[in-house]
Amino acid sequence: MGTSNDADYVAIDDSPSSPMQNNNVRKVSVLPLVFLIFYEVSGGPFGVEDTVHAAGPLLALLGFLVFPLIWSVPEALITAEMGTMFPENGGYVVWVSSALGPFWGFQQGFPALGGGVPRAVSSWGLTVILTYLNYRGLHIVGWVAVLIGVFSLLPFAVMGLLSIPDLKPSRWYVMNLDNVDWNLYLNTLFWNLNYWDSISTLAGEVENPKKTLPKALFYALILVVVGYFFPLLIGTGAVPLDQKLWTDGYFSDIAMIVGGVWLRWWLQAAAAMSNMGMFVAEMSSDAFQLQGMAERGLLPEFFGKRSRHGTPLVGILFSASGVILLSWLSFQEIVAAENFLYCFGMILEFIAFILLRIKQPNVPRPYKIPGGTAGAIIMCIPPTILIFVVMAFSTLKVVAISLTAMVIGLVLHPFLKFLERKRFTKFSVRPHLQHFDNEDSTCSLVN
């Protein structure tokens, strides 16, 4: 890494819990990985109705075409390059730690200690069921995501076919710039098109990640954009416009108008299944992130413990419990605070990406964004501007909650170092991880 902790670490012995020794664990292939990314980022068009409510059909449609170019494509490209440079669990935490040091790496990964901020709200019973599913193995979670994805997207294809006779293209061009709720519009777009970096936290569980990860990100990007744009195109073109009705759940009303009660029930069931898909995908991401942080010595060693199925047992339990603890907050409050914290995290990721390009130009990058360092800097400018725009729209309450969470992270890291010095808990570094020598820009393995 770029800098190292002052504490002396011991390498964990070659036990079955080590990912290098756990050869019987099945890895995730391209198709399941595509749908895991899909559920990390999107989960389908459920919830995008607010873009029409806030800005009308034309800006809603343009938003899901233009916004991915400004935000999603750069984030996915950075994830592809950095994920293949660091094909290990921990993802963006490892990137930031390698470029800026372990303190900032810990701040980047701190939200996962509370189970992250769930993109899907779950009940106690469902949490237990999905926790067990994650315990059984990530490859199982991936194929479940494929099945859920097909079931959740298929009713929109049927709705599209049934709505063809009623489509009126003139409805797509409605726009009134004097009556746009920019706060709702931008936050809805941002919330539904970010988190491409989340899949990097489980790169160590991917089959041949140096080839599979970039390919899966490319296919997932297409799936996400089409999965938003096509339903919006159908919904805004097939029924007369009433912007006040375009709120969460309005797609089920459109299904009723276009196809009848059977299509409405199918779409409502699809929304429920999509909620499950987002839940298991985020739980997997958070759990493997905590496990990867333990392997890097950023968390106590027990976070790196794996079950007999190769899954991060402690990380899964923390992720599930965090969701339950956060359930007392409204989903809108959680979303707003998460957007603010995510903006801060993305700034760290952009800085880490550029610094590693400058300081470690010779380290192998199986996938490398063309354009050199200058091109990398230019690519990061538009999304950085967007980050500050989104943060500027935050309310004082959201800023206060977010800053409180950040302060907790700033205090928690030195507290954990204190526990380590007093030998109350044990930290260690896996022997297979990449280590950078800043003086000659070479890469070696931690001994």
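Helices here are DSSP runs of H or I with at least four residues, strands are runs of E with at least two, and both are numbered from the N terminus. Bear in mind that this is a predicted model, in which local features need pLDDT of at least 70, side-chain atom pairs count only at pLDDT 80 or more, and totals for chains, interfaces and linings use all residues. Residues are numbered from 1 along each chain as its sequence is written, and side-chain values use heavy atoms, with hydrogens and water left out.

What makes the backbone at Asn 208 worth a look? Its phi is positive, about 50°, although Asn 208 is not a glycine. Most residues other than glycine have a negative phi. Asn 208 counts as partly exposed, at 43% relative accessibility; buried means under 20% relative accessible area, exposed over 50%, and partly exposed in between, using a 1.4 Å probe and protein chains only.

Arg 423 also has a positive phi without being a glycine, with a value near 60°. You will find Arg 423 in the loop between H14 and strand E2 (428-429), and this residue is exposed, with a relative accessible area of 76%.

Two packed helices are described by the angle between their axes and the distance between the axes. Helix H4 (residues 102-109) and helix H14 (residues 396-421) have axes that come within 9 Å and cross at roughly 130°. That angle makes H4 oblique to H14, as angles under 35 degrees count as roughly parallel, over 145 as roughly antiparallel, 65 to 115 as roughly perpendicular and the rest as oblique. On the H4 side, the contact (heavy atoms within 4.5 Å) is made by Pro 102, Phe 103, Phe 106 and Gln 107, while H14 brings residues including Met 406, Leu 410 and His 413. By class, this contact has eight nonpolar, three polar and no charged residues.

Finally, visit Ser 98, found in helix H3 (residues 92-100). Is Ser 98 buried or exposed? Ser 98 is buried, with a relative accessible area of 3%. The Ser 98 side chain reaches the backbone oxygen of Val 94 at 2.8 Å. Ser 98 and Phe 353 lie 255 residues apart in sequence, yet their C-alpha atoms are 10.0 Å apart in space.

Definitions and conventions
Axes fitted to C-alpha atoms, helices over the stretch in contact; angles between N-to-C directions. Nonpolar A, V, L, I, M, F, W, Y, C, P; charged D, E, K, R; others polar. Polar contact = N/O pair within 3.5 Å; in protein donor to acceptor, adjacent residues only side chain to side chain.
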